[in-house]
Amino acid sequence: MYSIPKDGDIVLAIRNVLARYKVIRSQRELRERVERELNFGGGNFHAGGTRIRMLAVISGVATLKVHTKTDGKAGRMDSCPVCRGELKASRNMTVYGKTVTVGYRCAKCEYWTGADDIRRPSRYEFRLRKRR
Ligand SMILES: [Zn+2]
């Protein structure tokens with residue numbers, strides 16, 4: 001049997017982990033350290049890597065560096081592959097007066113991609129977001 005942690009508890013654990021380690025170099029590492037933090041002093045909490053990553057972005061507690069691989073496939077992008085936020089199309093006017101989508105940028109996080117060469121996230125780095 002295991003327990004599902006609350007969003008707020010995960011965010012707190014992410015903050016503690018990032019304050020301690022400065023930089024976490026993969027989603028798997030973040031997940032392991034966050035679960036260890038949640039289970040400190042007993043407990044059997046489990047949280048998925050995607051959920052932890054999305055909470056790290058949405059809560060604003062972390063900054064992400066997204067390493068990507070381009071797979072050369074053109075395609076329509078419906079939502080951000082990092083945080084499922086809304087993607088804004090960047091459009092250019094051609095010499096013939098047509099508009100073409102040249103890329104997409106996430107409204108919530110740092111992710112962007114060209115439209116012809118989609119950048120697929122392959123690895124994430126997490127750092128504590130500095131408070132101003
Ligand atoms: Zn995003």
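Is arginine 84 buried, exposed or partly exposed? Select it and look around. Arginine 84 has 16 C-beta neighbours inside 10 Å, so it counts as partly exposed. Keep in mind throughout that this is a predicted model.

**Stop 1**

Check its backbone: phi is positive, about 60°, although arginine 84 is not a glycine.

Now jump to lysine 22. Here too phi is positive, at about 70°, and the residue is not a glycine. Lysine 22 belongs to the loop between helix 1 and strand 1 (23–24). Count its surroundings: lysine 22 has 9 C-beta neighbours inside 10 Å and therefore counts as exposed.

**Stop 1: the nonpolar core**

Next, select Ile10, Ile14, Val34, Ile52 and Val82. These have the most contacts inside the largest nonpolar core, a set of 29 residues. Colour the elements that supply at least two residues each: helix 1 (7–21), helix 2 (27–38), helix 3 (49–58), strand 2 (62–70), strand 4 (99–106) and strand 6 (119–128). Helix 1 gives the most, with 6 residues. In soluble globular proteins, nonpolar side chains tend to be buried together.

Zoom in on valine 82. Which residues does valine 82 touch, not counting those up to four places away in sequence? Show Val57, Leu64, Val66, Cys106, Cys109, Tyr111 and Pro121.

**Stop 2: helix 3**

Hide everything but helix 3, then show Ile52, Arg53, Met54, Leu55, Ala56 and Val57. These residues of the helix are buried. Bring the rest back in steps. The buried residues of helix 3 pack against helix 1, helix 2, strand 2 and strand 6.

Centre on isoleucine 52, which is found in helix 3. Why does isoleucine 52 count as buried? Because 23 C-beta neighbours lie inside 10 Å. Leave aside the neighbours within four places in sequence, and the contacts of isoleucine 52 are Ile10, Ile14, Leu30, Arg31, Val34 and Ala47. Now draw a distance from isoleucine 52 to glutamine 27. Their C-alpha atoms are 8.3 Å apart, while 25 residues separate them along the chain.

Step off the end of the helix. Just after helix 3 comes glycine 60, with a positive phi of about 80°.

**Stop 4**

Take the pairs in turn. Follow the chain through the turn: strand 3 and strand 4 form a hairpin with 5 residues between them. Glycine 97 lies in that turn and has a positive phi of about 85°.

Now cross to the other pair. Strand 4 and strand 5 are antiparallel too, over 3 bridges. Select tyrosine 104, then look opposite: threonine 113 of strand 5 is there.

Technical notes. Residues numbered from 1 in each chain as written. Core = buried A, V, L, I, M, F, W, Y, C linked by C-beta atoms within 7 Å. Buried ≥ 20, exposed ≤ 12 C-beta atoms within 10 Å, placed from the backbone. Helix = DSSP H or I, 4+ residues; strand = E, 2+ residues; numbered from the N terminus. Contact = placed C-beta atoms within 7 Å. Pairing = 2+ DSSP bridges.
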